[in-house]
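Visitor: I am new to this structure. Please take me through one part of it slowly, and then show me what else is worth a look.

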Amino acid sequence: MKKVLFVSGCFGDTQRYRVFNQIEQLEHLEISVTERYFADYDIISVLDQGVDLVIMHRVPHTMGVEYLIKSANKIKVPVIFDVDDLVYEKEYAKYSDGINYLEEEEKSLYFEGIERYKKTISLCDGAIVTTEFLAETISKYNDNIFINRNAISLELEEICESLRRVSVANEERVRIGYFSGSKTHNKDFLEVKEGLLNILKKYSNTDLVIGGLLDLSKEFNAFKDRIIRLPLVDWRELPKSIHSIDINLAPLEMNNPFCRAKSELKYFEAGILGIPTIASKIDAFEYAIEDGQNGFLANDSLEWFDKLEKLVTQTELRMKMGENAYKHVKNNYTVQSRAHHYSRVLSQIVENSNTKKINSKVKLIVNFLIPQPFIGSGGHTTILRMARYLCENENEVNIYVQNGENFDASNEKVITDFIDNHFFVTGAKYFKEDTKFKDSDVFIATSWPTAYMVNSVTNSKSKFYFIQDYEPFFYPMSSEYKLAENSYKLDLKGITIGKWLTKKVKNDFGMDCDYIDFSTDNRVYLRNEPKVANGKTKIIFYARNTTPRRGVELGLQALELVERRFKGSVEIVLFGGDKNLKTNFTHTNLGVLNTGELAELYKSADLALVVSLTNASLLPLELMASRCAVIDIDDATIEGVVRNGYNGLLAKADPLDIADKISNLVENVELRIQIQQNSYDFTKDLTWDKSGQQFERIIISKTLFTEKSQRIRELKNGSNEKIVSPMPPLSYGVSYGSVIRINEDYFSRVDIFFGNYNRINHGNLIFHLKKHPSSINDIYTVKIDLNKIQDNSWNSFEFDPIVNSKNQEYYFYIESDANEGNAVTIYANEQGNNTYVNHHKNQGSLCFITYCTFYGDFVYNTIIDRDAGNNISLTNEEGEINEIALILKQKIANAGANNYAVRELQNKVNELEIKVIKITDSAPIILYKKLKKILARKWIKKILRR
């Protein structure tokens, strides 16, 4: 097992324990993990990344979830349900005290959720739970059940170990603590109430510490001076509260099935701090606690009193029991101690699973609106291939056809016969455009005129735009150009063929867009046997002169030069256009050919010239499959299709350079044969089924899954948390800052420890994040009201995650617009020399914590190189920027800071650095490249010459 997909159905502590903490156990064993929220629209695409196992944590059934399970089933990837609470059994719901706090509408949703959890469980290949009682109850819905108990995270362990080094013992008083969290534990507390009241009466040196929300009965009023209320706090702060007590209480309502399902986390959260626990004698606590050794178990009020009394009066027993609990938790409830067990559990559950055959009811109604078809149309062929794939996968497809000058779409039978005879049978139903559109899940436009019509449709859940070329380029600057351009601004989700086109419409128009890969019909075009070079070199050219974007004039001029150079030793063949096309060289013109004739021509040719001035067509791949070496135009439009020197040669849009590239392949037979072989290898496994699957996944993901990737994992990156003393007041004209190093990607938050002098202050606090202290521009600026700053507390400054922050340094500083009477302060300590006062380095360090947030990285929605597996362009751009920065540093050192030109160039590069920092895989990299070229060439050359 190398890669696991975790899917979470809810947030909060349950997600922390069952998703993030178990992820740490897998990562400890160097197993790669990707996590998603169940409504994330990119979740289906993660399966294409070679996932070995899917784990669904409390995921309710939806049609999208069922489709995900079905998709995993198809590729024999087991899906496991994970749950830590009794949320799937209606008959036990009445035992949950929490349900009494719900409104009627919320109760209805709760019971609906029970049924949805149950359905997901039944669809999965197995389940993992936290306790034996859960295993017993869930076995009605799935018989492949294993247990992996809750455990603590690395960060919680680190926090607790740090607290254990700090002594808080007060031998005069004994603090008994109960940390309820929410009000749903009122009934649980009744278990210990009588015994606890008797202890408080008998021993005046005892205090009761209540953490969180709990309703105490009036009997406790007699001890109100000895009752300490602590607020409900974040899990990172909770250990500090637990560390302040001497005895931890963990009561659960006896004879309550809902409580029997609970795990022992209240035991190990105290045990890791060396605090002994007295717990109800109930399933999970009986598993964890050996009565009298690492804790106590209590069955009734008398036992609660008896065992409380022992720990209150016997300090040595209390300390020993706490130490035993600590050792037990370290050996059984940490990442290191549980990781191998968890791995074995997953292996066993996978071994026992037999991926289910799911009779899924997931079926979409998909409508297409297409322009008039014509014989030989490659665009229509691709649309119909997508429709056929959707039909073959049990979706209902309806195709509405527009009328045209050369096509009569007034009769459905005429349309059906035309497409069946001149293209192929798809399984779709065909209708004329003016027919009332059927209600649909998905409606897909296929050209700019159809886009406006689809955009106006009101009876479809989601609307898409299948874009096969950049259609404004079909026209001179005109009304049609603008209409085509503006169609990309409509409220439609884009699907392009090829990655260049997705970049284009995403970057230029902000369109929500994904792409499918180009493919080829290898049943027709694939030539398995290598070509043998003998006789004349056969050169073919796609000379479709009726389509300006095919650049026929460029090709003809280049071929004229080639014919002069190799007169008598080359054979030139034109195809795809007018047979009467005039040229100045000897050639054969075959005109428009059918599919079989094209395949025969491609397989007989040695090399082919294809001029792609807009988005790449299918032609280069069809030629490659036929072992024909391809020459195309060197432009971004060909990205992902022709790799220069590998499966083809790329030439400038210049007749002379095109002729040179053709001549190279005529003369260099060895290179030509190698390119032919590489072309075959590149295309032999391509299928339209793969592209069709990508197409279906995109529309499924954005129709059945409604949300973009959520912020679902936030990890502490680094910190300097030792709080010693406050800095002078942070008033107008004063700034405090620090340089920080980030160890992970997705840097997203800085927490700073403030004091407010125990008053309400007025004004603004401004947080600035820069690349370094000398940077001119902020990467991010965050402003908050001073009246929100609480005394002696951590305050957060959050910003959009910086994707490529790993191993990078940044500089933050804080300033205020308040006068001294309204100022707050920042705390610092003596560690290091990293405090910046008004941007000048000083001794000591500010108290701060940095966090990195992990977002799901989109597969289809992201521009990535599927061959390389990542985006390499960003690395190249950053490398070049770093080189520029190095030159600048050297130049500044030699010329001095007063050299205006050098300082100006550094400011420009700072701006570029910020652009690179903010770049994501879907960011406008083209814009950056243009800026880089202008600045690098113009400014660097100018300065280096001085």
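Guide: Start with strand β11, residues 277-280, and its partner β12. The two pair in the parallel sense, over three bridges. Across from I278 stands F296, a residue of β12. Keep in mind that this is a predicted model.

Now widen the view. β11 and β12 belong to an open sheet of six strands. Its order is β9-β8-β7-β10-β11-β12, and the pairing is parallel. Two strands stand at the edges: β9 (227-230) and β12 (296-298). Each has a single partner strand, so one side of each is left without a neighbour in the sheet. Neighbouring strands here are turned against each other by 25° on average, direction ignored. As for side chains, in a regular strand they alternate between the two faces of the sheet.

A helix lies across this sheet. It is α11, residues 301-313. The strands that α11 lies across are β7 (174-181), β8 (206-212), β10 (247-250), β11 and β12. Against β12, helix α11 runs at about 155°.

Next, go to strand β30, residues 764-770. Six of its seven residues are buried, so β30 is largely enclosed by the rest of the structure. On one count, β30 is joined to β31 (residues 780-785) by six bridges, and the two run antiparallel. L769 has Y780 of β31 as its bridge partner. Strand β33, residues 808-816, is also joined to β30 by six bridges, again antiparallel. There, H768 stands opposite Y813 of β33.

Y780 also takes part in a cluster of rings. The phi of N807 is near 60°, a positive value in a residue other than glycine. N807 counts as partly exposed, at 44% relative accessibility.

R58 also has a positive phi, near 45°, and is not a glycine. Its place is the loop between β3 (53-57) and α2 (63-74). R58 counts as buried, at 13% relative accessibility.

Back to rings. The structure holds 39 aromatic pairs. One of them joins W448 and Y452, edge-to-face, with 6.4 Å centre to centre and 90° between the planes. Why are these two about one helical turn apart? Because they are four residues apart in helix α16, residues 448-455. An α-helix has 3.6 residues a turn, so residues three or four places apart point the same way. W448 is buried, at 12% relative accessibility, while Y452 is partly exposed, at 30%.

R164 lies over the face of Y326, 3.7 Å from the ring centre. The charged end of R749 sits over the ring of Y851, at 3.8 Å from its centre.

Finish at helix α24, residues 669-683. At 1.5 Å a residue, its 15 residues should span 21 Å. The end C-alpha atoms are 21 Å apart, which agrees. The buried residues of α24 are R672, I675, Q676, N678, S679, Y680, F682 and T683.

Notes
Residues numbered from 1 in each chain as written. Predicted model: local features only at pLDDT ≥ 70, side-chain atom pairs only at ≥ 80, totals over all residues. Heavy atoms only, no water. Phe/Tyr/Trp six-rings, centres within 6.5 Å; stacked < 30°, edge-to-face > 60°. Buried < 20%, exposed > 50% of the residue type's maximum accessible area, 1.4 Å probe, protein only. Lys NZ or Arg CZ within 6 Å of the ring centre and 35° of its normal. Pairing = 2+ DSSP bridges. Axes fitted to C-alpha atoms, helices over the stretch in contact; angles between N-to-C directions. Contact = heavy atoms within 4.5 Å. Expected span 1.5 Å × (residues − 1).
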